[in-house]
Amino acid sequence: MASALISSAPLPGVPAAGSEPSLYRIALLGNPNTGKTTLFNRLCGVLSKTSNFPGTTTRARIGRCQAGELALEVVDLPGVYRLSLGLPESRVCRAALLGEDSRAPDLAVVVLDATNLSRNLLLLAELSEMGVPAVAALNMVDLAQQRGLSFDRVRLAERLGCPVVPLIARRGEGLDELRRAIAARLRSGAAAVGGERLDPAAFPSPDDWAEQVIAGSVGGRNALGSSFDTLTERLDQAFTHPVLGALVFLAVMTGLFWTLFVLASVPMDLIEATFEHLGRWTVAVMPPGAVRDLLVQGVIGGIAGIVVFLPQIGLLFFLISLLEDTGYLARAAFVMDRILCRFGLPGHAFLPLLSSHACAIPGILSTRLIPDRQDRLTTILVAPLMSCSARVPVYVFLTGLLFADRPWLAGIAFSGCYVLGAGAALLTAAVTRRTILKGPSRPMVLELPSYKMPSLRNACLLALDQGLSFLRTAGTVIMAICLVMWWLSSYPHSAPPAAATALRQQAAALPEASERAAELTRQAGLLEAQHAQANSFAGRIGRAVEPVFRPIGFDWQLTVGVLTSFLAREVFVSTMSVLLEGDPESDLQDQGILARIRAARRTDGTPVFTAATSASLLVFFVLAMQCLSTLVVTRRETGSWRWAALQLVYMTSLAYGLAFVTYQALHLLGVA
Amino acid sequence: MIHDVSIPAASPVQLTELAEGSAVRLHSSDLQEDDFALLEALGMTRSCRLRICKAGDPWIVQVRETRIGLAASVARRLLVVPDSLL
């Protein structure tokens, strides 16, 4: 049966399946924070693919490597404490090891944390019961030796009944020996370690078995008892302190947020500029026509709209990996849990929600940190309510219209948008946990891993993996949607209106460089753009739907702007530029242009942008789901279009409801 | 759901009644099945010895080599026996 676990295409640089002597499947198993991912990256590097375990949204990484003559397919299973737990990760690991939904592994490599052997050995006991052959990779031996531990690996191997290979995965030490042990185990089909194996079934509990294994083979000052790490104690006191912990958290998150917002904008601007140049070059070299329009506005525009997300996604996962590696993230989760649990959200939700201020897409992707499914779903549902960077041009535009001569009021309104969005997210989460995802947030129980230096290599590989995964899955759907929206906005073509033609004729009769000719040409362009937009399918839909939006103060032009911005929020500003200025590149920060827009009239002579309409628009944009890319990612992460549809419906309803209240209230108060 | 893991002679108390630095043994818990299973998987097994590293929300305990953070609502549901009384 075809399975998401089995890679369907050969990876570059590695012989295809069937052309080498044999292809063995190896499962990497271990507790969280044992260095499993580091080992996977060392063995397989960038030669890996990410997919889902069958029937789940749990991610699987599959890579290829060589062990002597043998080609190995390595499956990185999720970190689990026990295979018998009811958690999704445990179920996924059991199913994978038993070959329930895919080919069973030929061997399991169990990554053990040498500093915490008593707990880590329990997985080996469970594997023994399941009859899965294993090799033990004893990782972090350097840290264990620093704590005074010593290992008799021969004795340990005898008692476990499987080869034991000491490793320092983050330095790449011990990998050759591990490959040799894997190859020998696969060729021989038996453990070949000799000696007296301790059978877990012969002991009252797996813990008693683990104690006996350790007693005979691990020595040192703190072989069985607890070791006291003073630095860890002090750091934990600081990072989880109600006041100091909150201050540290604020500093770390400010740094992360600044990095995401500011640093990522450099490559993002570069990407936008590159595709803009590409579009202009294409316009210059290709003859005008449908093919050129499709290429420039549909394909190039669509690809740009996808690729522009990559810097933020890559940077976010790079930083998350670093923070997680240090051990700080687990402590920070507890700091936020005190606040978020009141709204039915777990402490883990802070990072996705904060990241959503840059962009909801990486924010939603980072909800994978949240172990409980209900908590994760709630966070995904509310994350887009956090004001993202795409809303900023709209906020600036609308607050500029509302408070033209009072920039300080515009600033307050701008900040108010962020507060409204965050408040709506928390309240929606609270309501969600009392209704469709009933139940309190799971109380936090979390292992606090040792503090250590983060791995830049792991962080880079994770960022690359997440970026490529986004392109492969969400990117294809987003591209298709971009093409559809472009077509709706561009077709059918219509002949320019007679008034525009007349204006052009008047301009042609004047000297070329005259101001009057330029103004007439500008007015002609405005009429043509408005006419084209109004007669496009998107425009016709806007006119047809206008009665729905009239109660919140939108005319057909604003309705078209709102509808087209369901593709991406920032499209609203360029749509308004086209409708009101005839030029999608108008500088809406220019006071002269803003004054013209403020003075723009509807066909009945009333202003397009009254104060009530502008306020209503602002509220609408704070709360509405206007990003198809986010919906696609929601569907991917939740495994169902149902949750994406719910997100669209509740956010649009919330936005409409509050915009209605805002518009009608201001109207009743006599605010025009 | 009560999980009795041992019945020592001393009376059990809530973990949250003890001070930082106390050494205790786990007596019982009234946590949900899944939450207790996770604690067991982390090493909080039958009569295991715990050291209270930090008191207050979160509580931090050490079981063998594992440091575990516990929300106050979880810590309140753990009944322990101070080690010195055994």
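Begin in chain A with L178(A), A181(A), I182(A) and R185(A), the buried residues of helix α6(A). Buried here means that 20 or more other C-beta atoms lie within 10 Å of the residue's own; 12 or fewer makes it exposed, anything in between partly exposed, and C-beta atoms are placed from the backbone. These four cover an arc of only 100° around the axis, which puts them on the same side of α6(A). The arc is taken from the directions that run from the helix axis to the C-beta atoms. On the face turned away from that buried side, select the exposed residues D176(A) and S188(A).

Now show the whole of α6(A), residues 175-188: its 14 residues reach 20 Å from first C-alpha to last, close to the 20 Å expected at 1.5 Å a residue. The expected span is 1.5 Å times one less than the number of residues in the helix. Just after this helix, G189(A) takes a positive phi of about 75°.

A note on what is on screen: this is a predicted model, in which local features need pLDDT of at least 70 and side-chain atom pairs count only at pLDDT 80 or more, while totals for chains, interfaces and linings use all residues. Residues are numbered from 1 along each chain as its sequence is written, and chains are lettered from A and ligands numbered from 1 in the order in which they are written. Helices (H or I, at least four residues) and strands (E, at least two) are DSSP runs, numbered from the N terminus.

**Chain A: strands and a buried helix**

Zoom out to chain A, which has 29 helices and 10 strands. Of its 672 residues, 44% are buried.

Select strand β4(A), residues 70-76. Because 5 of its 7 residues are buried, β4(A) is largely enclosed by the rest of the structure.

Next go to M140(A), in the loop between β6 (134-139) and α4 (141-146) of chain A. Its phi is near 60°, a positive value in a residue other than glycine. M140(A) is buried, with 25 other C-beta atoms within 10 Å.

Select α13(A) next. Of its 13 residues, 10 are buried, so this helix is largely enclosed by the rest of the structure. Among the buried ones are F334(A), M336(A) and D337(A).

K452(A) is in the loop between β10 and α19 (456-472) of chain A. Leaving out residues up to four places away in sequence, K452(A) touches D325(A), T326(A) and G327(A); contact means that the C-beta atoms, placed from the backbone, lie within 7 Å. K452(A) is partly exposed, with 14 other C-beta atoms within 10 Å.

**Where the chains meet**

Which residues of each chain should be coloured here? The contact takes 25 residues from chain A and 26 residues from chain B. On the chain A side, α3 (117-130), α8 (230-239), α13 (328-340) and β10 (445-447) each supply at least two residues. The most come from α13(A), with 4 residues.

Stay with β10(A): this strand and β6(B), residues 66-70, pair in the antiparallel sense over 3 bridges. V445(A) stands opposite L70(B). For the complex, the predictor gives an ipTM of 0.88 and a pTM of 0.76.

**Chain B**

Chain B has 2 helices and 7 strands, in the order β-β-β-α-β-β-β-α-β along the sequence.

Colour by pLDDT, the predictor's confidence in each residue, from 0 to 100. Chain B averages 84, and 86% of the residues score at least 70. Confidence is lowest in β1(B), residues 3-4, at a mean of 52, and highest in β5(B), residues 59-63, at 94. Where pLDDT is low, the predicted coordinates should not be read in detail.

Two backbone details are left. Most residues other than glycine have a negative phi, and most peptide bonds are trans. The peptide bond from D57(B) to P58(B) is cis, with omega near 0°. P58(B) is in the loop between β4 (49-54) and β5 of chain B. Finish at R64(B), in the loop between β5 and β6 of chain B, where phi is positive, about 55°, although the residue is not a glycine. R64(B) is buried, with 24 other C-beta atoms within 10 Å.

Note on methods:
Contact = placed C-beta atoms within 7 Å. Pairing = 2+ DSSP bridges.
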